[in-house]
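I opened this notebook to record what I looked up in one structure.

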Amino acid sequence: MEDVKNYYFIGAGGIGMAALERYMLSRGKNVAGYDRTPSQLTEALTAEGVKITFGGEAEEISEDFRDPATTTVVYTPAVPESLPLFRWFRDNGFRIIKRAALLGEITRMSRGLCFAGTHGKTTTSSMAAHILHSSPTGCSAFLGGVLRNYGTNFLLSDTSPYTVIEADEYDRSFHHLRPYIAVITATDPDHLDIYGTEEAYLESFAHFTELIQPGGSLVVHTGLKLQPRTADGVGVNTYSRDEGDFHAARIRHEDGTIRFDFIYPEGEIKDMELGVPVEINIENAIAALAAVYLAGELDAVSARAALASFMGPKRRFEFYLREPGPDGRAVIDDYAHHPDELRASITSVRALYPSRHLTVAFQPHLYSRTRDFAPEFAAALSLADSVVLLDIYPAREEPIPGVSSKLIFDAVTAADKVMISKEDLTETLKNRNFDILLTAGAGDIVDLVPEIVANATK
């Protein structure tokens with residue numbers, strides 16, 4: 001990495017790529033890239049010194065980045081290799097690596113705290129980063145969501161030995177990492193378009209555990225279908241809300257807050273308070289605190305303050321409206337796009353508002369995921385009082401014959417349900433005069449939330 005002068009990022013406008021671009025700028029590298037469309041993020045990156053183009057033709061590559069001896073090309077699997085610009089780099093002998101491989105190089109240069117799992121990894125890694133960043137030790141961090149505390153998904157420390165990384169299992173990207181501390185939050189099957197079977201998915205996580213550095217540690221949620229294959233000298237620890245080497249005790253719900261005592265192998269830290277007081281964050285906090293403890297950096301005073309001040313990543317149980325009083329309305333947006341995430345999100349809203357009418361507007365993400373988990377999505381949505389189901393957000397996929405939101409809709413048992421296009425969502429909710437609203441999905445449903453809130457508060 002030290003010998004490379006130039007880095008060219010294909011897919012430069014992605015949030016994970018942006019963090020790496022900023023890291024390379026901080027190390028004095030020349031940084032350029034391509035993305036399909038301009039965005040606020042690409043504008044910000046351009047202002048910071050990244051040269052970004054949007055056409056995808058080889059002619060757009062500036063002269064500074066045309067020498068394979070001085071330029072490394074970084075790409076994401078979401079970008080097709082048929083892109084002319086991509087083909088030019090490949091045909092001219094450039095070193096071309098995945099984004100995850102570059103993250104892997106960074107974990108070899110530092111002590112990486114890597115958070116993996118079907119769900120929960122963005123919040124747990126963000127919590128751990130905030131706890132370390134708030135301590136005298138500090139950290140660098142590459143996260144999958146923008147932290148509301150900082151307005152970025154990238155933190156940089158010139159002095160800390162620790163790097164916090166969200167370890168993505170998609171396309172087996174996390175196999176490029178070399179964790180010092182690895183956390184696995186969940187192994188419920190996902191990305192079956194890549195893995196094919198649950199067994200292959202679990203094997204991928206088992207291989208991830210083999211990559212932990214000697215002297216490091218694995219922290220795994222209790223009860224997972226996973227057989228770790230850690231090397232000699234790697235510690236294995238368990239966690240959950242109520243049991244394991246790390247867990248919570250004396251959980252208290254008081255006046256809209258959640259407090260608990262953190263139990264770890266050598267003692268406890270009393271009166272931890274969640275800055276985002278939802279039930280699932282008790283478990284997320286336990287995982288984050290466990291990782292920081294095993295790194296030898298857990299200070300009770302600073303950790304308690306950091307957890308209480310943690311605002312969460314954007315799109316992870318984010319309140320857009322929270323009216324005061326027992327009859328006040330609420331609008332919450334959540335990135336939930338797997339059945340277990342959706343169930344946890346709905347359950348958390350239910351716990352906050354146990355006697356209120358809950359409307360869930362859900363946008364399924366990917367045809368393959370809808371095909372593979374339609375019954376599970378329907379069961380989760382059936383926990384709501386009213387369900388508004390949108391068309392599938394395709395992301396990287398082409399349509400699959402016979403697969404639509406109707407697979408989910410027909411199995412939903414909620415008494416009040418409707419299936420609409422995204423374009424009709426704002427008007428539909430305006431006419432329904434909702435009480436508590438949860439919008440969910442990893443697509444672009446979030447773009448409509450500000451207008452929904454504006455209509456609700458007129």
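The entries below follow the order in which I looked things up.

**Entry 1. Basis.** I worked on a predicted model, in which local features need pLDDT of at least 70 and side-chain atom pairs count only at pLDDT 80 or more, while totals for chains, interfaces and linings use all residues. Residues are numbered from 1 along each chain as its sequence is written, and side-chain values use heavy atoms, with hydrogens and water left out. I took helices (H or I, at least four residues) and strands (E, at least two) as DSSP runs, numbered from the N terminus.

**Entry 2. The open sheet.** I looked up the strand order and found β3-β2-β1-β4-β5, an open sheet of 5 strands with parallel pairing. Pairing here requires that DSSP finds at least two bridges between two strands. I noted β3 (51-53) and β5 (95-98) as the edge strands, each of which pairs on one side only. Neighbouring strands of this sheet are turned by 20° against each other on average, direction ignored. Within the sheet, β1 (residues 6-10) and β4 (residues 71-75) run parallel and are joined by 5 bridges. I recorded T72 in β4 as the bridge partner of Y7.

**Entry 3. Helices on the sheet.** I checked which strands helix α3 (residues 84-91) lies across, and found β1, β2 (30-34), β4 and β5. Its direction is at about 140° to β1; angles run from 0 to 180 degrees between N-to-C directions, with axes fitted to C-alpha atoms, for helices over the stretch in contact. Helix α4 (residues 99-109) lies across β1, β4 and β5, and runs at about 85° to β5. Contact means heavy atoms within 4.5 Å.

**Entry 4. Strand β7.** I found 6 of the 8 residues of β7 (residues 140-147) buried, that is, under 20% relative accessible area with a 1.4 Å probe, protein chains only. β7 pairs in the parallel sense with β9 (residues 162-166) over 3 bridges, and F142 stands opposite I165 in β9. With β8 (residues 152-155), β7 runs antiparallel, joined by 3 bridges; here L147 stands opposite T152. The hairpin of β7 and β8 has 4 residues between the strands, and G151 takes a positive phi near 70°.

**Entry 5. Helices α13 and α14.** I looked up the axes of α13 (residues 425-432) and α14 (residues 449-456), which come within 10 Å and cross at roughly 25°. The two helices are therefore roughly parallel to each other, the term for angles under 35 degrees. I listed L425, T426, L429 and K430 of α13 and E451, I452 and N455 of α14 as making the contact. These residues divide into 3 nonpolar, 2 polar and 2 charged.

Terms used: Parallel < 35°, antiparallel > 145°, perpendicular 65-115°, else oblique. Nonpolar A, V, L, I, M, F, W, Y, C, P; charged D, E, K, R; others polar. Buried < 20%, exposed > 50% of the residue type's maximum accessible area, 1.4 Å probe, protein only.
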